[in-house]
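Welcome! Please take a look at the sequence and structure below, and then we can walk through them together.

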Amino acid sequence: MWPRRAVLDSSKREAKPVTPVVLIAEELAPAALDVLAHDFDVRHVDGTDRAALLSALGEADAVIVRSATQIDAEAIAAAPRLKVVARAGVGLDNVEVAAATARGVMVVNAPTSNIVSAAEQAIALLLAVARNTASASASLKNGEWKRSRYTGVELQGKTVGVVGLGRIGTLFAQRIAAFGTRLIAYDPYIQPARAAQLGVRLVGLEELLRESDFISIHAPKTSETGGLIGAKELQLVKPEVRIINAARGGVVDEIALAEALAEGRVAGAGIDVYVKEPCTDSPLFKFDNVVATPHLGASTHEAQDKAGLAVAKSVKLALQGEFVPDA
Ligand code: NAD
Ligand code: MLT
């Protein structure tokens with residue numbers, strides 16, 4: 001027995017410690033890569049290339065994603081060494097948290113990193129829809145000078161309905177209030193007193209749909225919120241309503257919204273997120289009164305730095321076996 005143990009011991013001494021692999025599945029701010037580069041084997045994969053992702057996960061100790069990469073039960077099963085899934089942003093709807101937890105894999109995100117950017121994107125879309133900014137710009141660049149065609153509406157005195165009065169909904173409400181709007185909100189999970197502090201009246205969804213001149217969605221995508229604003233709900237709105245969705249695709253049903261726009265039951269929409277992304281073909285794209293952006297809510301230098309740094313620090317702590325505080 002003795003000689004054999006010695007051999008084993010010496011082979012252990014000679015074995016090189018394996019550097020943990022951190023797999024980056026979507027673009028990450030350079031500052032975040034700097035945090036990881038020294039201690040980890042940082043590898044890159046296109047998270048939307050499913051076969052490449054599953055293969056790369058085979059050696060990953062951590063994976064960092066934004067919203068385009070699906071980390072579901074299959075992905076977790078393909079990653080036997082995985083210890084942490086990091087979401088460089090807010091929404092966790094592309095991560096199957098229950099499957100990760102069942103395997104003992106930690107899930108971290110950066111819940112406040114991009115909330116200002118997302119709220120500002122919703123404001124930008126709302127103003128652009130109110131004033132026909134995108135279609136007027138396209139028309140002018142096309143050699144046309146059509147001032148009356150692009151007559152818009154003011155915000156002052158209008159009722160703005162916020163669906164989901166959480167972090168982003170609150171920042172949105174505070175900012176849009178400065179335009180002299182009246183604010184109402186639908187959020188079954190917050191207290192009326194909290195809304196009142198913000199100068200917002202909490203109402204039921206039906207009342208919000210009937211009263212709003214603008215509706216802005218800030219609820220997460222959950223089993224409850226998929227299709228929350230669908231064909232039935234769009235029958236209740238004022239014809240002059242303008243709907244903004246910079247939260248998640250599918251909370252507003254795209255087909256139902258396209259039908260309502262075609263029938264003049266909705267005056268315009270500002271859409272940043274789609275049921276299926278990337279999205280280059282939507283029934284909404286044919287409307288002049290729709291302003292569409294390719295999921296840009298968090299796409300600012302500030303938000304990307306904050307999100308990337310927060311999750312890079314969390315991944316580093318997790319892989320070093322340290323306590324991971326809330327980002
Ligand atoms: P949050 O958790 O702080 O707030 C969400 C709010 O929605 C909560 O107050 C919650 O009570 C409410 N809510 C939950 N279910 C609801 C329902 N059925 N009806 C109405 N309200 C409901 O989250 P947040 O930081 O404000 O972010 C909201 C969402 O915005 C994220 O989940 C994400 O999907 C999206 N987001 C998008 C972008 C983007 O790039 N476009 C950027 C950041 C976040
Ligand atoms: C988020 O939930 O944080 C946003 O959708 C932004 C992103 O995915 O980058």
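This is a predicted model: local features need pLDDT of at least 70, side-chain atom pairs count only at pLDDT 80 or more; totals for chains, interfaces and linings use all residues.

A residue is near a molecule if its C-beta atom, placed from the backbone, lies within 6 Å of it.

Residues are numbered from 1 along each chain as its sequence is written, and chains are lettered from A and ligands numbered from 1 in the order in which they are written.

## Around ligand 1

Ligand 1 is surrounded by 33 residues, and the closest are Gly-91, Gly-164, Gly-166, Pro-220 and Gly-297. Its shell divides into 16 nonpolar, eleven polar and six charged residues.

Helix 6 and helix 8 each give at least two residues to this shell. The largest share, three residues, is from helix 8.

## Two helices that meet

How do helix 6 (residues 115–130) and helix 8 (residues 167–177) pack, and at what angle? Their axes are 8 Å apart and the angle is about 50°; axes are lines fitted to C-alpha atoms over the stretch in contact, and angles run from 0 to 180 degrees between N-to-C directions. The two helices are therefore oblique to each other, as angles under 35 degrees count as roughly parallel, over 145 as roughly antiparallel, 65 to 115 as roughly perpendicular and the rest as oblique.

From helix 6, Ile-115, Val-116, Ala-118, Ala-119, Ala-122 and Ile-123 meet Arg-167, Ile-168, Leu-171, Phe-172, Arg-175 and Ile-176 of helix 8; contact puts C-beta atoms, placed from the backbone, within 7 Å. Ten nonpolar, no polar and two charged residues make up this contact.

## The whole chain

The chain has 13 helices and twelve strands. Helices (H or I, at least four residues) and strands (E, at least two) are DSSP runs, numbered from the N terminus. Along the principal axes, the C-alpha atoms fill a box of roughly 90 × 50 × 30 Å.

Of the 327 residues, 42% are buried, while Phe-323 is exposed, with 6 other C-beta atoms within 10 Å. Buried means 20 or more other C-beta atoms within 10 Å of a residue's own, exposed 12 or fewer, and partly exposed in between, with C-beta atoms placed from the backbone. Phe-323 lies in the segment after helix 13 (301–319).

Key
Two residues are in contact if their C-beta atoms, placed from the backbone, lie within 7 Å. Ala, Val, Leu, Ile, Met, Phe, Trp, Tyr, Cys and Pro count as nonpolar, Asp, Glu, Lys and Arg as charged, and the others, Gly among them, as polar.
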